[in-house]
Amino acid sequence: MRVPIFTIAAKGRNRIMVPNHVAIILDGNGRWAKAKGMPRNYGHTMGAKNVEVISKAVYDMGIRYLTLYAFSTENWNRPKSEVNALMKLLDSYLKNCLKTAKKNHIRVRVIGDISKLDEKFQANIRELEKASDSYDGLRLQIAINYGSRDEMIRAMKKMLKEQEEGKLTAEDLNEEKFSSYLDTAGIPDPDFLIRTSGEQRLSNYLLWQLAYSEFYFTDTPWPDFDEKELKQAIDAYSARDRRYGGIKEGENSNV
């Protein structure tokens, strides 16, 4: 689902094209901590704190949707101690997010297979989603136990069930119908993907939804990705020609 792209005025410059929906792969927390002689969990903690900073900056720029890759289906393969610490951190973040969402009118939605999470964790997710459902500020999606292949398999299982119940035929199926079975149903596809910390791959993230998105990769680890870095990324996005892809005629970019 595509939506119009907004513009903002920049002092002394031409108007900047601002994406409606930005997706971010929050990478580099552990390596950032290791470089500082700290345990990996310290990096995850500081990365979680940066979410609020960037969420505010995103909304102030006129971006209306933000989707963050917090914990993937593959992250379960990490050391048990790190997984437990991440789950505890995410649960704590969502609890605190109740106050943050209320303060800033953020509508929060968790995507991914939450059935694999602790029951108390699931209850906290449902409480946050219900409490923020009527807020009209930033639409924040947090991907927890999310993998795009897993999402599409779950979507197809829903489709097959409806077909067995006589609610769906082959003729009913198109892109819009398939999208309605995904975790992101009702949310515009991202216009722009940012991945921090130097890696240049999608890592099983929003594979269907990112089909026509612009990509931006930066060596900056997530805990150091600040408002200035965000602005640079949006400037790079604005310099691209969304009609045909690539850089606008007569403009240069090192991205």
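With a relative accessibility of 11%, Thr-184 counts as buried, because buried means under 20%. Please keep in mind that this is a predicted model. Thr-184 sits in the loop between helix H6, residues 175–179, and strand S7. Leaving aside residues up to four places away in sequence, Thr-184 touches Arg-109, Ile-111, Glu-151, Leu-206 and Gln-209.

Ala-211 is found in the loop between S7, residues 192–195, and S8. Is Ala-211 buried or exposed? Its relative accessibility is 53%, so Ala-211 counts as exposed. Ala-211 is 21 residues from Pro-190 in sequence, and their C-alpha atoms are 9.1 Å apart in space.

Next, the whole chain. There are 255 residues in the protein chain, and 47% of them count as buried. The secondary structure comes to seven helices and eight strands. Among contacts with a separation of 6 or more, 71% are between residues 24 or more positions apart.

On to the sheet. In what order do the six strands of the open sheet come? The order is S5-S6-S4-S3-S7-S8, and the pairing is parallel. At the edges are S5, residues 107–111, and S8, residues 214–217, each of which pairs on one side only. Neighbouring strands in this sheet are turned by 20° against each other on average, direction ignored.

S5 is joined to S6, residues 139–146, by five bridges, and the two run parallel. Opposite Val-110 stands Ile-142 in S6. Helix H4, residues 119–132, lies across both S5 and S6, and runs at about 145° to S5.

Now helix H2, which covers residues 40–60. From its first C-alpha to its last, H2 reaches 31 Å; for its 21 residues, 30 Å is expected at 1.5 Å a residue, so the two values are close. Which residues of H2 are buried? They are Gly-43, His-44, Gly-47, Ala-48, Asn-50, Val-51, Ile-54, Ser-55, Ala-57 and Val-58. The cover over these buried residues includes strands S3 (21–25) and S4 (65–72), helices H1 (29–35) and H7 (227–238), and also H3 and S6. Just after H2, Gly-62 takes a positive phi of about 100°.

Last, the nonpolar cores. The largest one has 45 residues, and Ile-24, Ile-144 and Ile-194 have the most contacts inside it. Which helix gives this core its largest share? That is H3, residues 80–104, with eight residues. There is also a second, separate core of ten residues, which includes Ile-111, Ala-143, Leu-193 and Tyr-205.

Not counting residues up to four places away in sequence, Ile-24 touches Ile-54, Leu-66, Thr-67, Leu-68, Tyr-69, Leu-193, Ile-194, Tyr-205 and Trp-222. One of these, Ile-54, is among the buried residues of H2. Two others, Leu-193 and Tyr-205, are included in the second core. And Ile-111, also included in that second core, is one of the residues that Thr-184 touches.

Technical notes
Residues are numbered from 1 along each chain as its sequence is written. This is a predicted model: local features need pLDDT of at least 70, side-chain atom pairs count only at pLDDT 80 or more; totals for chains, interfaces and linings use all residues. Side-chain values use heavy atoms; hydrogens and water are left out. A nonpolar core is a set of buried Ala, Val, Leu, Ile, Met, Phe, Trp, Tyr and Cys residues joined through side-chain atoms within 4.5 Å. Buried means under 20% relative accessible area, exposed over 50%, partly exposed in between (1.4 Å probe, protein chains only). Helices (H or I, at least four residues) and strands (E, at least two) are DSSP runs, numbered from the N terminus. Contact means heavy atoms within 4.5 Å. Two strands pair if DSSP finds at least two bridges between them. Axes are lines fitted to C-alpha atoms, for helices over the stretch in contact, and angles run from 0 to 180 degrees between N-to-C directions.
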